[in-house]
Amino acid sequence: MKESQTIDTVEIREGLEDLTPQLIRILYRRAPLHRPVSNPERLWTMFERASLVLTAWKGTRLLGIARVLTDGVMYSYLCDLAVEPDVQGLGIGKRLMKSVQDHCEGTELVLRSTLGRFHKHAGLKAVDDVWAVKSG
């Protein structure tokens, strides 16, 4: 299948419809996105409490996901961005990012992640003034 055909037939959806903890868990492990996925209830709560959840689908197959927390005014935190490995590089992550940016327009968008090649292609810049405290 050609790249353009793949991108043209990918549907970006907002919300939790058709998602399950199991689908999220599989995607996070395959992507790989290192998040706590062993407890399905906790994993689902992460998504229920999110301000915005965007998913990328090709038919019934989940290809990618973005989870955002935002105050809607100043800051938006893109907690998770994951794309299935076999379709990485086809622009699905960029489409999810663009949709996140459209939904969070007017806020500063922050992504917590390890640096990789996607980040440069998406126009993201590393910053020095970020601090984090791990809990539990």
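This is a predicted model: local features need pLDDT of at least 70, side-chain atom pairs count only at pLDDT 80 or more; totals for chains, interfaces and linings use all residues.
Residues are numbered from 1 along each chain as its sequence is written, and side-chain values use heavy atoms, with hydrogens and water left out.

Next, select strand S4 (residues 75-83) and strand S5 (residues 108-111), which run parallel and are joined by four bridges. Strands are DSSP runs of E with at least two residues, helices are runs of H or I with at least four, and both are numbered from the N terminus. Two strands pair if DSSP finds at least two bridges between them.

Now show the whole sheet. Five strands form an open sheet with mixed pairing, in the order S1-S2-S3-S4-S5. Strand S1 (11-14) and S5 stand at the edges; each has a single partner strand, so one side of each is left without a neighbour in the sheet. From one strand to the next the twist averages 25°. Axes here are lines fitted to C-alpha atoms, for helices over the stretch in contact, and angles run from 0 to 180 degrees between N-to-C directions.

S1 pairs with strand S2 (residues 52-58) in the antiparallel sense over four bridges. Select Glu14, which stands opposite Leu54 in S2.

Then turn to the helices on the sheet. H2 touches S2, strand S3 (61-70) and S4, and its direction makes about 95° with that of S3. Contact means heavy atoms within 4.5 Å. H4 lies across S1, S2, S3, S4 and S5, running at about 160° to S4.

Last, look at the rings. Which count as a pair? Rings of Phe, Tyr and Trp (its six-membered ring) pair if their centres lie within 6.5 Å; planes under 30 degrees apart are stacked, over 60 edge-to-face, and the rest tilted. The count comes to one aromatic pair. Tyr28 and Phe47 form this tilted pair, 6.2 Å centre to centre with 50° between the planes. Tyr28 is in helix H2 (residues 21-30) and Phe47 in helix H3 (residues 40-48), 19 residues apart.
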